[in-house]
Amino acid sequence: MNNKYRIDTQENKEFMEKMCRELLAFGRHFPSPGGSAWYLKDDGTPWIERNRETYETARMAHAYSIGSFLGYEGSEDLVDAALKGLNGELKDQKNGGWYSGLTADNKNLADKLCYAHAFVILAASSALIAKRPGADKLLEEALDVFDKRFWDEEEGLTCDTWNTEFTVLDDYRGLNANMHTVEAFLAAADCAGKEEYRERAGRIIRRVLGWAKENNWRIPEHYTKDWEPDLEKNIEKPDDPFKPYGATPGHGIEWSRLITQWAMSYYKDDNEERASFIEAAENLFNRAVEDAWNADGAPGIAYTTGWDGKPCVHDRMHWTLAEAINTSAVLYRVTGKECYADRFAEFMQYLDEKVLDHVNGSWFHQLDEHNQLKETVWPGKPDLYHALQATLIPYNRVDLSIVCAVKQG
């Protein structure tokens, strides 16, 4: 296989560095006048007719905080623009917390989402380590809102959705928000020294692994308010854009990486406990890849599968590939097993041949089962976060949040 795709070759390092710089250049037009992130078109220009989401704004703050340590010119100003949005038009000054976003005509989107609030914590943590003005205050406020509204101390998990006024809590519980909460909590611990959040991340992880083990390492995504798995949710609408039926292999892969990061940082002096969690992470990764990678006659990772492991929604999402690149590299680092280096190379080749847009830049966000462009869920290219991290995580410390790892060089 071409050395361009093999981990630790000079060719691969150069490929990753080139992609990283191009991604940072691609996303630089995101700030709207109020700071919230424009949705980006296929060529990276603002798509002003679409909603401006809080989570995307937070992701851009995170991305350009990383960019500031990579020496990308203008990164600090871009972080500050996103922080302006998070501290201004996206914040609910009356009820607290953050709106899920704004419409094109500046109306507030309904509901308060755990998912979005987790990304505000990530953004503030990254901006703090990048020494951006106001990041410390934003982080304290984000953690305070999260502790009061989303963290369930008794369960050791998060709830999912409130109404805008924080008076009615939806009965739905889900693991996507909990997954990004783990990421945010680890960032708060790494960037701000708040170790209690690393403890909380571990509580979430233990619950998730319990469910995964009971389900052949396919993680149930959806739950009732009493945290009973709802395995049949949306079986009549398997391609629901927010709560698809069945298992999501990309999430199994992403959980695998986050579990490894947590275990390596938490069990520094306990090899046996650390090894048990890394073994679980391997099980999650291997199950997801076995089920979904090249599973339907064409290269790529199917978006969802049934509980029998067979693909349901065959679309290929760019974020799933990004996480596959990250996790294969991380597992190779911590286990030394060549099978993960081989997987990394396969994923990199697929990225170069199918998913990387060599004309307009960035990565195609959604392809169909024949690897043709599809735009039912992700038209355009709004998301810098997944692709950018995939150029960096493979070559940085596995026990640190990526912004801290990049800072350390």
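Rings of Phe, Tyr and Trp, the last taken by its six-membered ring, count as a pair if their centres lie within 6.5 Å, and a pair whose planes are over 60 degrees apart counts as edge-to-face. In this structure, which is a predicted model, a search of the whole structure finds 25 aromatic pairs.

Two of these pairs are set out below.

| Pair | Centre to centre | Angle between planes | Type |
|---|---|---|---|
| Phe-146 and Phe-185 | 5.5 Å | 75° | edge-to-face |
| Trp-293 and Phe-347 | 4.9 Å | 80° | edge-to-face |

Because Phe-146 belongs to helix α5 (residues 135–149) and Phe-185 to helix α6 (residues 175–192), their pair ties together parts that are 39 residues apart in sequence. Both Phe-146 and Phe-185 are buried, and ring pairs also join them into a cluster with Phe-150, Trp-151, Trp-162, Phe-166 and Tyr-197.

One of its members, Asp-226, is found in the loop between β10 (222–223) and α8 (249–266). Is Asp-226 buried or exposed? Asp-226 counts as exposed because its relative accessibility is 55%, and the cut-off for that class is over 50%.

Conventions
Residues are numbered from 1 along each chain as its sequence is written. This is a predicted model: local features need pLDDT of at least 70, side-chain atom pairs count only at pLDDT 80 or more; totals for chains, interfaces and linings use all residues. Side-chain values use heavy atoms; hydrogens and water are left out. Helices (H or I, at least four residues) and strands (E, at least two) are DSSP runs, numbered from the N terminus. Buried means under 20% relative accessible area, exposed over 50%, partly exposed in between (1.4 Å probe, protein chains only). Rings of Phe, Tyr and Trp (its six-membered ring) pair if their centres lie within 6.5 Å; planes under 30 degrees apart count as stacked, over 60 as edge-to-face and the rest as tilted.
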